[in-house]
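Visitor: I am new to this structure and would like to know what the words used for it rest on. Please show it to me, and then I will ask.

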Amino acid sequence: MAVFAAGMIKAELKGKRFLCRTAASFVSTRIGIIPKAPILPKDLGINKEKNGGLIVVGSYVPKTTKQVEELRQQCGQIFRSIEVSVDKLAMRSVEEREEEISRTAAIADCFLRARKDTLILTSRELITGKTPSESLEINFKVSSALVEIVRQITIKPRYILAKGGITSSDLATKALEAKCAKIVGQALAGVPLWQLGPESRHPGVPYIVFPGNVGDSKALAEVVKSWAHPLRLSSTKELLSNAEKGGYAVGAFNVYNLEGAEAVVAAAEEEQSPAILQIHPGALKQGGIPLVACCVSAAEQASGPITVHFDHGTSKQDLVEALELGFDSVMVDGSHLSFKDNVSYTKFISFLAHSKDMLVEAELGRLSGTEDDLTVEDYEARLTDVNQAQQFIDETGIDALAVCVGNVHGKYPASGPNLRLDLLKDLRALCLKKGVFLVLHGASGLSKELIKGCIERGVRKFNVNTEVRKAYMDSLNNPSKDLVYVMASAKEAMKAVVAEKMHLFGSAGKA
């Protein structure tokens, strides 16, 4: 096309004139429009919207049917499908028609509210009348029913994709009451993307106009995959990378039950902060896979960046199992081993975790104190050595290093914490050079000044456990008549502590 357009321009320069009947590709080539990449949700700033997207398929052309089949094969796990009976819409009584419309709209509302992209499509068996006018009447009944279904849906979709020329026109003008729209680009070559006008029922919502005969069999699946909610909005590495760029730290909060997970997510959403849900081996032993599933689901449903981290993996078996449970990152804790064995242990897990694109945190040095009934006496504790840390990072390939600079698990002594900030500064210089994130365990009980000093010296992840657990236990001192109120009280108590830490770490407002 470019060669043809260039030749045409040369001919015109010699006096030739042409009348052209062409497709869009000729026009863009002839006038030199530079191709643009398809528009994605992040380009429009809607990647954090909670509700699911709405896909409505009315087209009956064979290509659309093949595209729907491919969509179901490729994306069946990420969307919900509602098939509308054409027989009930066009051939049965008015009551059955209205019941089918109301049923579809009600189910779609539930799916969209649950953040599920929702496909509404007419049954694929083509029903025709005995005469052309009867067939036209059937088409009208189906089209008007789709309009009524979309009109009855109360939830505002994250985006809307209308498949079919008549379907996209009727839904925009009749169901969504749009009189104007901003054309922002294409969702795919030949698939225009609008933003609905301010007078419409859903101002600013992206509206993808997908003609029935456009694209190959995979085109519809390609668009839906690019617009569907990602299973996770972020990875732990992304959270810590953003913290490094922004000069703040992310809180990693140990959770033990549903209330704990909800408290962290609720605080993160209210404070617009990233956060990490941490599960300790002791908690995993009690809560099992359901606890991990709870945290993973909470992270997926959150409107902001939340990830799930396995904390203090002292057992190779536990860590290998954790790699398959849905965690975003793991901590390999070989601090109880000799340096040589710690390197070997950490290197083994790092290799497996990195094959799954998971961040690996490890510990060098030994924190005193107690966490989940695991106690390290003062005489066993040791500070992190900078020279050893360099060798450790080089040989293991870890992404984050938890250091000991006088911090402890659990409660600090009556004399208060005594952190070696000079050592922390040296470790920061090393980690910055190696591209490794600096982590500090035992953030409960540290003063604002110490927290600020640690962040200034490069700490990008703080582990918080004791204070959140204490808030939970203290809430139980106020007896309630019902378990539901006990859970609600515990959640609010923990949420307050988590929110306070987010402000202290500087992550509030950074989501």
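Visitor: What do the buried residues of α18 pack against?

Guide: In this predicted model, the buried residues of α18 pack against β8 (250-254), β17 (459-464) and α19 (483-505). The buried residues in helix α18, which spans residues 466-475, are V468, A471 and S475.

Visitor: How do you know that the buried residues of α18 line one face of the helix?

Guide: Looking down the axis of α18, its buried residues fall within an arc of 55 degrees, so they line one face. As a general point, an α-helix has 3.6 residues a turn, so residues three or four places apart point the same way.

Visitor: Which strands make up the barrel?

Guide: The closed barrel has eight strands, in the order β8-β9-β10-β11-β12-β15-β16-β17, and the pairing is parallel. Neighbouring strands of this sheet are turned against each other by 25 degrees on average, direction ignored.

Visitor: Why are β8 and β17 called a pair?

Guide: Pairing needs at least two bridges between two strands. β8 and β17 have four bridges, in the parallel sense, so they count as a pair. As one example, V250 has K461 in β17 as its bridge partner.

Visitor: Which helices lie against these strands?

Guide: One of them is helix α11 (residues 258-271), which packs on the sheet and touches β8, β9 (275-279) and β10 (306-313). The direction of α11 makes about 170 degrees with that of β9. Helix α16 (residues 421-434) lies across β15 (400-403), β16 (437-440) and β17, at about 145 degrees to β16.

Visitor: Which residues touch the most other members of the largest nonpolar core?

Guide: They are F253, L277, I279, V330, L401, L440 and F462, out of 72 residues in that core. Helix α12 (residues 281-301) gives the most to this core, with nine residues. A second, separate core has 28 residues, including I149, I160, L176 and V205.

Visitor: What is F253 in contact with, beyond its neighbours within four places in sequence?

Guide: Among its contacts are V264, L277, V464, V468 and F505.

Visitor: What makes E12 and R30 a salt bridge?

Guide: The cut-off is 4 Å between a side-chain nitrogen of Lys or Arg and a carboxyl oxygen of Asp or Glu. The closest N and O atoms of E12 and R30 are 2.4 Å apart, so the pair qualifies. E12 lies in helix α1 (residues 2-13) and R30 in helix α2 (residues 24-30), so the bridge ties together parts that are 18 residues apart in sequence.

Visitor: What do D394 and K434 tie together?

Guide: Their side chains meet in a salt bridge of 2.9 Å, N to O. D394 lies in helix α15 (residues 386-396) and K434 in helix α16, so the pair ties together parts that are 40 residues apart in sequence. D394, at 46% relative accessibility, counts as partly exposed, and K434, at 30%, is partly exposed too.

Conventions
Residues are numbered from 1 along each chain as its sequence is written. This is a predicted model: local features need pLDDT of at least 70, side-chain atom pairs count only at pLDDT 80 or more; totals for chains, interfaces and linings use all residues. Side-chain values use heavy atoms; hydrogens and water are left out. A nonpolar core is a set of buried Ala, Val, Leu, Ile, Met, Phe, Trp, Tyr and Cys residues joined through side-chain atoms within 4.5 Å. Buried means under 20% relative accessible area, exposed over 50%, partly exposed in between (1.4 Å probe, protein chains only). Helices (H or I, at least four residues) and strands (E, at least two) are DSSP runs, numbered from the N terminus. Contact means heavy atoms within 4.5 Å. The arc is that of the directions from the helix axis to the C-beta atoms. Axes are lines fitted to C-alpha atoms, for helices over the stretch in contact, and angles run from 0 to 180 degrees between N-to-C directions.
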